[in-house]
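Take a look at the chain shown here.

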Amino acid sequence: MEAVCAFSVGTLHIPTAPERPTSFRKSIFFSNHVNSHISLVTGGISKSKLFTALSPPPLTESSNQPEAEPEFEGQAEKFDWYSQWYPLMPICDLDKRKPHGKRVLGIDVVVWWDRNEGAWQVQDDACPHRLAPLSEGRIDQWGRLQCVYHGWCFNGKGECKFIPQAPPDGPPIHTSKKACVASYPSSVQNDILWFWPNTDPQYKDILTRKKPPYIPEIDDPSFTKLMGNRDIPYGYEVLTENLMDPAHVPYAHYGLMRTAEPKVKADREGGRPLELLVENLDINGFIADQGWSKSKFISPCIFYVYTPDKPSSSGETQKPSAQKKMALIFICVPVSPGKSRLIWCFPRNFGKWMDKIVPRWIFHIGQNLILDSDLYLLHVEEHKIMDIGPNNWQKACFVPTKSDALVIGYRKWLKKYAGGQVEWRGKYTGALPSTPPREQLLDRYWSHVVNCKSCNSAYKSLNVIEVMLQIISVASIGIVATMKQGTMSVVTRNSLVLLAVLSFALSRWLAHFIYKIFRYHDYDHAFR
């Protein structure tokens, strides 16, 4: 899933830079060009200084040398990874009936719905008693979070309200500060749950001083806003820069493009020079001009692409309500070294009827396939980057063309302001997880299905249908076998046999479909 995609049913169509630089290519289902302008408001963003991040001209021997790049003037302001809002999950994929365990910046948190306060709570995922994960617990009948190891119960503020093992006539040991679980500031914005990764009391009212990034189009009722999420088996840095790279789309996602757009050349020569420009780079991110689209990186998590407002035939800019608008919003979450989480949303103000009749899991089929198509490449790439050291990225990678401008700009932001990589505060040694078997690396069930309400529901329902088809097949054969000769007409007997065969065949096909869509779908570029 890359930053130059257009949204369609069943797949996420990814066009390359079009020959006419002011519009997206035509999607399978959307024949009209998409135009969008999305504003994003964040708290405390300072005025930017003009800063270009273009790679030097191609084929210049010294173009990839760090010495040729502008030196940072003075001491750059340091980006504080732990003084930012981070998204946990879309609200649509959180079940209010149970707690959920999530990890961000190496911090394990439990997310649960506090019906007494009418709010989502985010707390440390460790019971103060014996450090058992509270995310494996339950919500008790009084609406408290209960640890299932020994039954300790906590309210939304993290206060322990009940210890079953404590004598009722003894001292109130549950009121001890040591019995409390740490709570994090949290807020729901744009139908996404965000949290502040610091439990210090000084941040208790942080929401009044600094709010999570706000994207008006997601809350705009005139836009559709289907969301998705997936845990990714490579790190935040590689995930973010991959979404900023339109040049790899014709190659890494060629098979998908060929399905969506038959006019793509069969020899895969779909690439072309791209004129990308990064400007206004500062600690808060940067703005990029791709000629045919605009994009913004809002540090540390948000990257989104939109097309500028389209001028009318008279030369004046059309009113927003008169334009078909769409944006591609990607939210990249650092989880731990070698692991990240992607939340995506593609708001648009046209074709809204489609989302009302097509289940969300249908859209996720194509979107997951796009993620799978370069997942192994990026996992291996990250290990190679770690071998040479993240701070040596520009020495090891030859990026001589302007098509890599956004990637270079992101790496420049990372090095100048954020220390070259995510700050884990000593939680990890810096080593990446070892590469698992391919089927585990490309697993969809644990990385997406269990965390998506729509896909999880479809997975369970289709499994029930598969079992029912097998029962019908066996029952039909059983009826034919038990009926005495002459008690059943030939037509009826043949019909039951046919029903048994068709039911069995359909159950086998459905089993394959379920496995391929919800479990594991390999991607071999050599045969695409």
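Which residue in β18 is the bridge partner of F297? The partner is F303. Keep in mind that this is a predicted model.

**Around β18**

Start with the strand itself. β18 covers residues 302-306. Five of its five residues are buried. The cover comes from both faces. I302, Y304 and Y306 lie on one side. F303 and V305 lie on the other. So F303, the bridge partner of F297, counts as buried, with under 20% relative accessible area.

Now the partners of β18. Strand β17 spans residues 294-298 and runs antiparallel to β18. Five bridges join the two. A hairpin of three residues leads from β17 to β18.

Strand β19, residues 327-336, also pairs with β18. Here too the sense is antiparallel, over five bridges. One of the residue pairs is I302 with I331, its bridge partner in β19. I302 is also among the buried residues of β18.

**An open sheet of three strands**

Elsewhere in the chain, β3, β13 and β12 form an open sheet in the order β3-β13-β12. The pairing is antiparallel. β3 (86-90) and β12 (186-189) are the edge strands, and each pairs on one side only. Neighbouring strands of this sheet are turned by 30 degrees against each other on average, direction ignored.

β13 covers residues 192-195 and pairs with β12 over four bridges. V188 stands opposite L193 of β13.

In general, strands of a sheet pair through backbone hydrogen bonds, in either a parallel or an antiparallel sense.

**Pairings side by side**

| Strand pair | Sense | Bridges |
|---|---|---|
| β12 and β13 | antiparallel | four bridges |
| β17 and β18 | antiparallel | five bridges |
| β18 and β19 | antiparallel | five bridges |

**The whole chain**

How many helices and strands does the chain have? The secondary structure comes to 13 helices and 20 strands. The chain has 528 residues, and 52% of them count as buried.

Contacts across the sequence come next. Among contacts with a separation of 6 or more, 69% are between residues 24 or more positions apart.

Last comes the surface. The accessible surface of the chain is about 25300 Å². Carbon and sulfur atoms account for 56% of this surface.

Technical notes
Residues are numbered from 1 along each chain as its sequence is written. This is a predicted model: local features need pLDDT of at least 70, side-chain atom pairs count only at pLDDT 80 or more; totals for chains, interfaces and linings use all residues. Side-chain values use heavy atoms; hydrogens and water are left out. Buried means under 20% relative accessible area, exposed over 50%, partly exposed in between (1.4 Å probe, protein chains only). Contact means heavy atoms within 4.5 Å. Accessible areas come from the Shrake-Rupley method with a 1.4 Å probe; for residues, only the protein chains shown count as cover. Two strands pair if DSSP finds at least two bridges between them. Axes are lines fitted to C-alpha atoms, for helices over the stretch in contact, and angles run from 0 to 180 degrees between N-to-C directions.
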